[in-house]
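Here's a quick walk through the model on your screen. Keep the 3D view open and follow along, one region at a time.

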Amino acid sequence: DSSLIKRTCKNTKYYNLCFSSLKSDPSSPNADPKGLAVIMIGIGMTNATSTSSYLSSKLLSPSNNTTLKRVLKECADKYSYAGDALQDSVQDLANEAYDYAYMHITAAKDYPNACHNAFKRYPGLAYPRDLASREDGLKHICDVAMGIIDNLDW
Amino acid sequence: MKLDVDVLRYLSKDDFRVLTAVELGMRNHEIVPTELIDRIARLKHGGTYKVLKNLLKHKLLHHDSSKYDGFRLTYLGYDFLAIKTMVNKGVFVAVGRQIGVGKESDIFEVAREDGTVLAMKLHRLGRVSFRAVKSKRDYLRHRSSYNWLYLSRLAALKEFAFMKALETHGFPVPNAIESNRHCVVMSLVQGYPLVQVKQLLNPETVFEAILGQVVRLAEHGLIHCDFNEFNIMINDDEKITMIDFPQMVSVSHRNAQMYFDRDVECIFKFFRKRFNLSFQESIDDIDGSDEGRDEAGKPSFSSIERSAGFLDRELAASGFTRKNEEDIQRFIEGGAESDTNSDSEGVDLVEDLNEADTVDDDSSHLSEQNEGSESQGKEEICEARESSGSEKEDASDNGESNEDTLQNEAELVKNLSKQRRHAIAKAHKGRKTVAARNSYKDKGGRSSHNSKIQKQLSSW
C-alpha cells in the first residue's frame, strides 16, 4: 500500500530515502507501520554490516601503516556494534518496547561518530571520502527508522 | 514513599527519552556522565540539558558532580519509566493507593479501563542492603557490584516468570498479567495476609492445605524459601493464595533442605501459636492426606516430562536465564545471611558483597536517596524480629513447664523428618525436571540484550 508508505515517510527526516527504501522492499505492501520500521532497521543492519566488512577488508592491504590499521580495526568494530544495536532494536520492537527500540537506534547512529573521532585523533590520517558517505548513509537510515518509531503509539 | 503519578501527564516524550538514556547508561555507570546522556538521547538544540533540569525538579533524577558531572535515576524515575510503558500498552490507566510495603518492594492498586482493580508490585532490591551498609561506618566506601536497577529488574523478571509457571501448574498464585523493568502487574488477591487473621473456622484444613503446597512445590522442583504468614493470603472461604516469589530456589540448590525445613517449621510454629493446633492430631491428619496423595496423585513419568516442558518454556519465554538466577541469588543470599549473623560476621558478608570501591559521597547520596524507604524497611524488620522473639520465648517456656511439651517437640521433629523424606523422594522422581531446567541455555532473551547493551555502552 503506497499510501501508508507515503504517510509514514512524511513524518521522517528524509522522505525520498524513506519512500524509495520501503517501496523497493517486497514485503512492504503488507506491512503495518511497525513492520515498516523493521524493514528500515533491516536495511540499516545490512548497511552497517557491509561497512564493517568493507573496513575489515581494508585491513588486509599491505600498504597501510600500523596506525591506520588500528583505526580501521576500531571502525570495523564500531560499525559491527551498530549492526548489533539495530538487531536489538528489532527485538525490542517485537516486544513492543518502543522506548528501548528508539534508544538502540540512537546508539547505532552514534557509532559512526566514534569511528570518525578515531580518525581525528591522528592528524596525519585523512578521513576517507567513501567512509564519510557511508557514515552519512547509515545515519540517515537511522533517522528514518527513528522517525517511523517516533510515530508509533508509545 | 508517595507515588504521585499526576506528574506523568506533564512529562513529554523528550522527558522519557532522557530518562531512558540515563537508564541505559546506568548499566555501565553508577553515575551516568552528562555528555553520554546527551549523546544517547539526541535531543535538538541542547534540549537534553533543559530536560535534565526538569527531571531533577520532579525528583526523577539525582545529580552528582563529585567525580564528573552526571546523573542517575531515582526509584521514582524508574517507577515512571515502567508505569508509562504499562499505561502505553493499556495494561492499566490509573494508579491508586499503596496497599503493601515489603522489605524490598512496594505494592499499589491500579485500575484498568473497565474499572477492574489489579495489583502493581515495584521491586526495590538494594533497599535493605543500603541500610546494612549504612550501619557499618567503616564500609561506607564499598558498594554492591550490581546496581539496584539491575537487581530490581531481575527480581521482577523472576517473579513474573515463576508466577506464570506456577499458575500453569495449578498452584494458588495471583494471575500474572504483565511485567516491565522492575514492575509486575498481577490480579488483586481477595482476602488478608494470614498474619492478620486471628480466627479460622477450620484451622486444621488450612494448615493441611498450606503444608500441601510446600510439598507440592518441592514435587515441582521448587522451594519457596519465605513461606510464612506474611506471604500467604486467605479469603473468607478460607482458600489460600501464595505470594512473593523472587527468593524461590530449586530443590537442587545446596541449601535446599535448610530452606525447606525452615518453611515447614515456620508454618508449624505459626499454627501452634496462633490457633493452638495440637501436633498429635495434625500428624494423624497429615498422614492420612499423605497416603491419599501417594495413592491417587503419583505423577507418571510422562507427566513429569510435560511438567518440565511447561516450566522451561515459561521461564524461557520470560527471558529468565540461569545467569539471572545466579546474579539475584548471590545478592539475596548475601543479604539474608547478614541479617541472621552477628555483627562481625555481618561485616565480612557485607565486604564479600562489595567488589568495587566508590567515594563516600556516592554512598552517602545513595543512603540519603533511600532514607524514606529505609525507615519503612526498618519497621518491617523490627516487626519480624519481635515475632521471632516471642516465638522463642514461647518455646523456652513450654520446654521448662512440662514433659508433654517435650513429647510434642519430639513428634514435631519426627514429622518434619517424614515430610522432608517424602518431599525429597518426590523431588528425586522429578530429577529429570531439575536437570532439564538447569540445562536451559540462553536463547536470545532479554539477558542477551543486556550483555549487548553493556558492550555497546562500554565501547563509548
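A contact here means heavy atoms within 4.5 Å. Keep that cut-off in mind for chain A, where residues 24 or more positions apart account for 68% of the contacts with a separation of 6 or more. And a heads-up before going further: this is a predicted model.

## Chain A at a glance

Chain A is simple to describe: it has 6 helices and 0 strands. Read from the N terminus, its elements go α-α-α-α-α-α. The chain has 154 residues, and 49% of them count as buried. Its exposed surface comes to about 6900 Å², with carbon and sulfur atoms supplying 51% of that.

Most residues other than glycine have a negative phi. As for cover, A:Glu96 is partly exposed, because its relative accessible area is 39% and buried would need under 20%.

## Chain B: the sheet with E1, E2 and E3

Now over to chain B, where 3 strands make an open, antiparallel sheet in the order E1-E3-E2. Strand E1 (32–33) and strand E2 (61–64) of chain B are the edge strands; each has a single partner strand, so one side of each has no neighbour in the sheet. Strands of a sheet pair through backbone hydrogen bonds. E1(B) pairs with strand E3 (residues 70–73) of chain B over 2 bridges, in the antiparallel sense. To find the spot, look for B:Val32, which stands opposite B:Phe71 in E3(B).

With 22% relative accessibility, B:His29 counts as partly exposed. B:His29 and B:Gly70 are 41 residues apart along the chain, yet their C-alpha atoms are separated by 9.6 Å.

## Where H1 and H4 of chain B cross

Next, find helix H1 (residues 13–25) and helix H4 (residues 75–89) of chain B: their axes come within 10 Å and cross at roughly 115°. The crossing of H1(B) and H4(B) is left-handed.

Which residues of H1(B) and H4(B) meet? From H1(B) come B:Phe16, B:Leu19, B:Thr20 and B:Glu23, and from H4(B) come B:Gly77, B:Tyr78, B:Phe80, B:Leu81 and B:Lys84. Sorted by type, the residues in this contact of H1(B) with H4(B) are 5 nonpolar, 2 polar and 2 charged.

## The E8–E9 hairpin of chain B

Strand E8 (residues 176–180) and strand E9 (residues 183–187) of chain B pair in the antiparallel sense over 4 bridges. B:Asn180 has B:Cys183 in E9(B) as its bridge partner. Together E8(B) and E9(B) form a hairpin with 2 residues between them.

Both B:Arg181 and B:His182 belong to the loop between E8 and E9 of chain B. B:Arg181 has a phi near 55°, a positive value in a residue other than glycine. Is B:Arg181 buried or exposed? B:Arg181 is buried, with a relative accessible area of 6%.

B:His182 is buried too, at a relative accessible area of 0%. What does B:His182 touch, leaving out residues up to four places away in sequence? Its contacts are B:Tyr78, B:Asp79, B:Ala82, B:Lys121, B:Leu122, B:His123, B:Arg124, B:Ser152, B:Arg153 and B:Ala156. One of them, B:Tyr78, also turned up on the H4(B) side of the meeting with H1(B).

## The sheet with E10, E12 and E13 of chain B

Further along chain B, 3 strands form another open sheet, in the order E10-E12-E13, with antiparallel pairing. Strand E10 (192–193) and strand E13 (240–242) of chain B stand at the edges with a single partner strand each, so one side of each is left without a neighbour in the sheet.

E10(B) is joined by 2 bridges to strand E12 (residues 232–234) of chain B, and the two run antiparallel. B:Tyr192 finds its bridge partner in E12(B) at B:Ile234. Lying across E12 and E13 of chain B is helix H7 (residues 203–219), which runs at about 30° to E13(B).

Terms used: Residues are numbered from 1 along each chain as its sequence is written. Chains are lettered from A and ligands numbered from 1 in the order in which they are written. This is a predicted model: local features need pLDDT of at least 70, side-chain atom pairs count only at pLDDT 80 or more; totals for chains, interfaces and linings use all residues. Side-chain values use heavy atoms; hydrogens and water are left out. Two strands pair if DSSP finds at least two bridges between them. Axes are lines fitted to C-alpha atoms, for helices over the stretch in contact, and angles run from 0 to 180 degrees between N-to-C directions. A crossing is left-handed if the near helix is turned anticlockwise from the far one by less than a right angle, and right-handed if clockwise. Ala, Val, Leu, Ile, Met, Phe, Trp, Tyr, Cys and Pro count as nonpolar, Asp, Glu, Lys and Arg as charged, and the others, Gly among them, as polar. Buried means under 20% relative accessible area, exposed over 50%, partly exposed in between (1.4 Å probe, protein chains only). Accessible areas come from the Shrake-Rupley method with a 1.4 Å probe; for residues, only the protein chains shown count as cover.
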